[in-house]
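Please read it alongside the model.

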Amino acid sequence: MSNNVRPESMERITTPELAEAFITEQTRLLKERIGDKQVLLALSGGVDSSVVAALLIRAVGRQLVCVHVNHGLLRKGEPEQVIRVFRDEMNANLIYVDAVDRFLDKLAGVSDPETKRKIIGAEFIRVFEEEARKLDGIAFLAQGTIYPDILESGPVKAHHNVGGLPDDLRFELVEPLKFLFKDEVRVVGKALGLPDSMTYRQPFPGPGLGVRCLGAITRDRLEALREADAILREEFAAAGLAGKVWQYFAIVPDIKSTGVKDGKRTFDWPVILRAVNTRDAMTATVEELPWPLLRKLTARITSEVAGVNRVLYDLTPKPSGTIEWE
Ligand code: XMP
């Protein structure tokens, strides 16, 4: 398809000035195309959807309706950040949907990884569809498609979760980032005033913590995972590793082991830590973390996270392990 090929004349967006030029041009095009109609966007808070949101807010303001679905599988502080940045700071027309119970009830007792992914993807569409039906006058659906999605390079979005809306909700697509590479999206996001914690964040899978709370998800184990992951991110930031390591996260398996705490016997979960580097996610190497950092992470996680008595570091490259555990 010729309109899906990046024009050869398009300069690589590497500086704030080039980003400004892109923003000015896109704002003009978006205004022209959208007119006085409304645009709908599923805003996850990931890099691509956040940059699309910020760009459309610049172009059409509150004619953009953002829907942020909290499926309970987001990292600590994420829904709050989406609300703060978009609703409070950018005055976005943002609908926040607390669907935590709905997702966790659907996932209760389900241990097969692909079934978990399917449930999360299908439920997401259902929630988004319900919100779309409540709205009048939506003509466009904005999406954070970027050029690698079109080129289908790399598996990162190969199992992308957002399937299709039903026929009667097939809005016209608006994909202003579809010719941009990830590094360009980040430069544009920064120029639009998004915080670095949003534009320079590590990749995070659509099913979120759902594929890291192994087996059948329980609320207590999910909470332990969220807390351990927050500690890991905090310590990586403090050690200057946050922008350096490609992906780093925690996993909580569905097993328990014996331990001792304050002189008492415990029977609790382990937390597995993983930190990898890769170019395209097809293969990955393990980051050689400094021992003092591992020791600090172990001390903090075992003392601060309820229900956890051990910390393990995953030494497995891809192959033989995948990056995620499910
Ligand atoms: P694996 O585990 O296959 O992961 O080595 C490769 C990259 O893809 C991400 N990933 C996903 N992203 N939905 C996503 O949007 C998914 O279901 C999914 N599964 C894995 C993973 O985080 C890594 O960056």
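1. Angles under 35 degrees count as roughly parallel, over 145 as roughly antiparallel, 65 to 115 as roughly perpendicular and the rest as oblique. The model discussed here is predicted. In it, helix 1 (residues 16–34) packs against helix 2 (residues 47–60) at an angle of about 60°, the axes being 8 Å apart. The two helices are therefore oblique to each other, and helix 1 passes helix 2 in a right-handed crossing.

2. On the helix 1 side, the residues that meet helix 2 include Phe22, Ile23, Leu30 and Ile34; among their partners in helix 2 are Leu55, Leu56 and Val60. By class, this contact of helix 1 with helix 2 has eight nonpolar, two polar and three charged residues.

3. Helix 1 also packs against helix 7 (residues 182–191), at an angle of about 80° and with the axes 9 Å apart. Helix 1 is therefore roughly perpendicular to helix 7. Pro16, Ala19, Glu20, Phe22 and Ile23 in helix 1 meet Val187, Val188 and Ala191 in helix 7. By class, the contact of helix 1 with helix 7 has seven nonpolar, no polar and one charged residues.

4. The count of aromatic pairs comes to four. Phenylalanine 124 and phenylalanine 128 form a stacked pair, 6.4 Å centre to centre with 10° between the planes. Because they are four residues apart in helix 5 (residues 113–134), about one helical turn separates them.

5. Phenylalanine 236 and tyrosine 248 form another stacked pair, 4.4 Å centre to centre with 20° between the planes. Phenylalanine 236 lies in helix 9 and tyrosine 248 in strand 6, so the pair ties together parts that are 12 residues apart in sequence. Both residues are buried.

Note on methods:
Residues numbered from 1 in each chain as written. Predicted model: local features only at pLDDT ≥ 70, side-chain atom pairs only at ≥ 80, totals over all residues. Heavy atoms only, no water. Axes fitted to C-alpha atoms, helices over the stretch in contact; angles between N-to-C directions. Left-handed = near helix turned anticlockwise from the far one by under 90°. Contact = heavy atoms within 4.5 Å. Nonpolar A, V, L, I, M, F, W, Y, C, P; charged D, E, K, R; others polar. Phe/Tyr/Trp six-rings, centres within 6.5 Å; stacked < 30°, edge-to-face > 60°. Buried < 20%, exposed > 50% of the residue type's maximum accessible area, 1.4 Å probe, protein only.
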